Amino acid sequence: MIIQARMGSTRLPGKILRDIAGKPLLAHVLGRLQMLKRPAKIVVATSSAGENDIVEAWCLEHGVSCFRGDEADVLDRYFQCARSLGMSDIVRLTADNPFTDIEELERLIALHQKHGFDYTHAFGQLPIGVGAEIFTFEALSRSHRDGKLPHHREHVNEYFTDRPELFKIGRLDIPPAKVAPNLRLTVDTEEDWRRACALAAQARGTWLGTEEAIRLCSSSA
């Protein structure tokens, strides 16, 4: 699993180490992954820009693997990271999503492996920031080799979605109780951050489930 993380967000600078309920956002992302039943190699992929020295230092302090690569070419950062670690299937997560649904992530990985998909995702039905995606190293390599447009380099998955005829693509079906595609549970703005803080406070130290997060956001709307 590769978690992309950098300090240089334009809308919310430094957000990945910003405090939510007493610990940085990145700690929430990593902590939730401890709920996974299957063994997984987890690495934070940040960039070589000097402002991300603090990210590497935080990872080293907390025993988390850290890889540093290109700042702008995120596709290359993923490819080099996956190749260096010998990964065959790569789950892509981002450090601004503290509410990843681990149950659905487990189902996503199982679906991907069962059907031999090149790229499998759980987007479009879950709240924004809750889903994930997984792809084979072979698919990543093809994207890295052939994805030449700027948005292919900036966004790891967009060569897959631009050229679906080249890949065997799977999409996870989501239980109706978790369908809320317009709800933002990512952290990209001040409003997102305040919502995440409120949800984390109401969770009182537990890991908030997707259904509960939807219910709490609906009741406060």
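Student: What is the volume of the largest pocket?
Tutor: A pocket is an open set of points on a 1 Å grid over the protein atoms alone, with protein on both sides within 12 Å along at least five of seven lines. Points join across faces, edges and corners, and the volume is the space filled by probe spheres set on them. For the largest pocket, the volume comes to about 1100 Å³.

Student: What kind of model is this, and how are residues numbered?
Tutor: The model is predicted: local features need pLDDT of at least 70, side-chain atom pairs need 80 or more, and totals for chains, interfaces and linings use all residues. Side-chain values use heavy atoms, without hydrogens or water, and each chain's residues are numbered along its written sequence from 1.

Student: Which residues lie nearest the centre of the largest pocket?
Tutor: Lining residues have an atom within 4 Å of a point. The largest pocket has 38 of them, made up of 14 nonpolar, 12 polar and 12 charged. Nearest the centre are Gln4, Arg92, Thr94, Asp96 and His155.

Student: Which element gives the most to that lining?
Tutor: Helices (H or I, at least four residues) and strands (E, at least two) are DSSP runs, numbered from the N terminus. Both α3 (74-85) and β6 (89-94) supply at least two lining residues. The top contributor, with 3 residues, is β6.

Student: How much space lies in the second largest pocket?
Tutor: Its lining has 14 residues, with Met1, Pro39, Ala40, Lys41 and Asp89 nearest the centre. Both β6 and α4 (102-115) give two or more residues to this lining. The space is about 260 Å³.

Student: Which residues of helix α2 are buried?
Tutor: Buried means under 20% relative accessible area, exposed over 50% (1.4 Å probe, protein chains only). In α2 (residues 53-61), the buried ones are Val55, Trp58 and Cys59.
They fall within an arc of 100° seen down the axis of α2, so they line one face of the helix.

Student: Which residue just after α2 takes a positive phi?
Tutor: The residue comes directly after the helix. Its phi is about 70°, and the residue is Gly63.

Technical notes:
1 Å grid on protein atoms, 1.4 Å probe; cavity = no way out; pocket = protein on both sides within 12 Å on 5 of 7 lines; lining within 4 Å. Nonpolar A, V, L, I, M, F, W, Y, C, P; charged D, E, K, R; others polar. Arc of directions from axis to C-beta.
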